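Visitor: Could you walk me through this model, with its charged pairs and its sheet?
Guide: Gladly; let us look together.

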Amino acid sequence: CGTGSISKVLKEYRYQVISDDLIDRDYGNSGLDFLKVKQKKSESLITNPPFKLSVAFWKKCIELDIRKYAFLLRLQWLEGQQRSKLFKEHPFKRLYVFSKRIELTKKDKNIGRPMLAFGWFVFEKGNKDCKVDWI
């Protein structure tokens, strides 16, 4: 959950939120390694996983049989042979591409717009179609 940037917005819209992270960043529950979890805590997951662990997070969501999950990732995530195989077996339902580069924060401080393009990859159990939209 990092410093709670995503969790706080969801709570503003009155969603029930469980905020977990491996590292203590003074928000939510710390010490939880999602990749070692044996049972899901929820039917849905929203996260900004570390890019290098994103495929492992994806496989863990499949293993835990999470019904719906969304990853905030660079659009570059569409590339790659390993991910290509997984996309064919477990396609995202919707990719929401940011039409404007998003502002990133670190420790709740704005660090500006990156040179990289981002999007929300939304997966839903049983989905067979992929659709791209812009926000």
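Guide: A salt bridge here is a side-chain nitrogen of Lys or Arg within 4 Å of a carboxyl oxygen of Asp or Glu. The model is predicted, so local features need pLDDT of at least 70 and side-chain atom pairs count only at pLDDT 80 or more, while totals for chains, interfaces and linings use all residues. Residues are numbered from 1 along each chain as its sequence is written, and side-chain values use heavy atoms, with hydrogens and water left out.

Visitor: In which order do the 5 strands of the open sheet lie?
Guide: Strands (E, at least two residues) and helices (H or I, at least four) are DSSP runs numbered from the N terminus, and two strands pair if DSSP finds at least two bridges between them. The pairing in this open sheet is mixed, and the order is E3-E4-E8-E5-E9.

Visitor: Which are the edge strands?
Guide: Look for strands that pair on one side only. They are E3 (44–47) and E9 (131–134).

Visitor: What angle does the direction of helix H2 make with that of E4?
Guide: Helix H2 (residues 54–63) packs on the sheet, touching E3, E4 and E8 (118–124); contact means heavy atoms within 4.5 Å. Axes are lines fitted to C-alpha atoms, for helices over the stretch in contact, and angles run from 0 to 180 degrees between N-to-C directions. The angle between H2 and E4 is about 175°.

Visitor: Is Lys60 buried or exposed?
Guide: Buried means under 20% relative accessible area, exposed over 50%, and partly exposed in between (1.4 Å probe, protein chains only). Lys60 forms a salt bridge with Glu63, with the closest N and O atoms 3.1 Å apart, and Glu63 is exposed at 57%. Lys60 has a relative accessible area of 6%, so Lys60 is buried.

Visitor: How many residues apart in sequence are the parts tied together by Glu124 and Lys68?
Guide: The side chains of Glu124 and Lys68 meet in a salt bridge at 3.7 Å, N to O. Glu124 lies in strand E8 and Lys68 in strand E4, so the parts tied together are 56 residues apart.
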